[in-house]
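The structure comes next, followed by notes grouped by topic.

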Amino acid sequence: MSAASSRYPRDHTGSVVLDLPECRRYLRCAQLGRVGFIRAGAIEILPVNYVVADPGVAFKTGHGSKLGAAMDCAPITFEVDGTGLPSTGVAAWSVVVKGVAGLVTDDELLERLGREESLPLVPSAARSGRWVMIRPDEISGRAITVDPVARGDD
């Protein structure tokens, strides 16, 4: 993507608004994201290793607040971000997935998730955890672009 391209709309801050295919592409660019949910009336934001799997994003977790949120089919938000390459015109990007969490119980999906799982950066749930799927209601993303004129790259 040349995010500086005029085909992408910009928001009020000048950030590029990513379309759904671009959001999905960026979701596949990282392994570590964050989930946010309400626990005991307060917002929790915790790191998770994740896998992009239709229809949404899946992560493995052990016993605790993330698993509790999934068992309650609670609203949950997932966020991942990263930095781009200057040659693409993207300095940084962020994708947010909003939806409902639920335990993965389908054997075929569990097998597929196990094959796609990478080495965990958050190792606590790697061996004994349960898979949680975020079924998205909304996926949105933004990219911060580098203006070559402002950098002096003519």
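Along the sequence, the protein runs β-α-β-β-β-α-β-β-α-β-α, a total of four helices and seven strands. Helices (H or I, at least four residues) and strands (E, at least two) are DSSP runs, numbered from the N terminus. This is a predicted model, in which local features need pLDDT of at least 70 and side-chain atom pairs count only at pLDDT 80 or more, while totals for chains, interfaces and linings use all residues. Residues are numbered from 1 along each chain as its sequence is written, and side-chain values use heavy atoms, with hydrogens and water left out.

**Overall packing**

- Of the 154 residues in the protein, 38% are buried; buried means under 20% relative accessible area, exposed over 50%, and partly exposed in between (1.4 Å probe, protein chains only).
- Among contacts between residues at least 6 apart in sequence, 67% join residues at least 24 apart, a contact being heavy atoms within 4.5 Å.
- The accessible surface comes to about 8700 Å², and carbon and sulfur atoms account for 54% of that surface. Accessible areas come from the Shrake-Rupley method with a 1.4 Å probe, and for residues only the protein chains shown count as cover.

**Salt bridges**

- The whole structure holds six salt bridges, each defined as a side-chain nitrogen of Lys or Arg within 4 Å of a carboxyl oxygen of Asp or Glu.
- Side chains of opposite charge can pair when their charged atoms come close.
- One of the salt bridges joins E79 and R34, at 2.5 Å from N to O. This pair links distant parts of the chain, with E79 in strand 5 (residues 75-83) and R34 in strand 2 (residues 32-39), 45 residues apart.
- R34 also meets D81 in a salt bridge, at 2.9 Å from N to O. Here too distant parts of the chain are linked, R34 lying in strand 2 and D81 in strand 5, 47 residues apart.
- E79 counts as buried because its relative accessibility is 18%. R34 has a relative accessible area of 27% and is therefore partly exposed, and D81, at 39%, is partly exposed as well.
- E111 and R115 form a salt bridge of 3.1 Å, N to O. The two are separated by about one helical turn because they are four residues apart in helix 3 (residues 107-116). Both E111 and R115 are exposed.
- Through shared partners, salt bridges join R34, E79 and D81 into one network.

**Helix 1**

- In helix 1 (residues 20-27), the buried residues are E22, C23, Y26 and L27. Seen down the helix axis, they fall within an arc of 140°, so they line one face of the helix; the arc is that of the directions from the helix axis to the C-beta atoms.
- These buried residues pack against strand 1 (16-18), strand 3, strand 4 (56-61), strand 5, strand 6 (90-103) and strand 7 (130-145).
- At the start of helix 1, a side-chain oxygen of D19 comes within 2.9 Å of the backbone nitrogen of E22.

**Nonpolar surface patch**

- I38, I43 and I45 form a nonpolar patch on the surface, with about 360 Å² of accessible area together. Patches are made of residues with over 30% relative accessible area and no salt bridge, like charges being joined within 9 Å and nonpolar side chains (Val, Leu, Ile, Met, Phe, Trp, Tyr) within 5 Å.
- I43 lies in strand 3 (residues 42-53) and counts as exposed because its relative accessibility is 64%.

Technical notes:
Polar contact = N/O pair within 3.5 Å; in protein donor to acceptor, adjacent residues only side chain to side chain.
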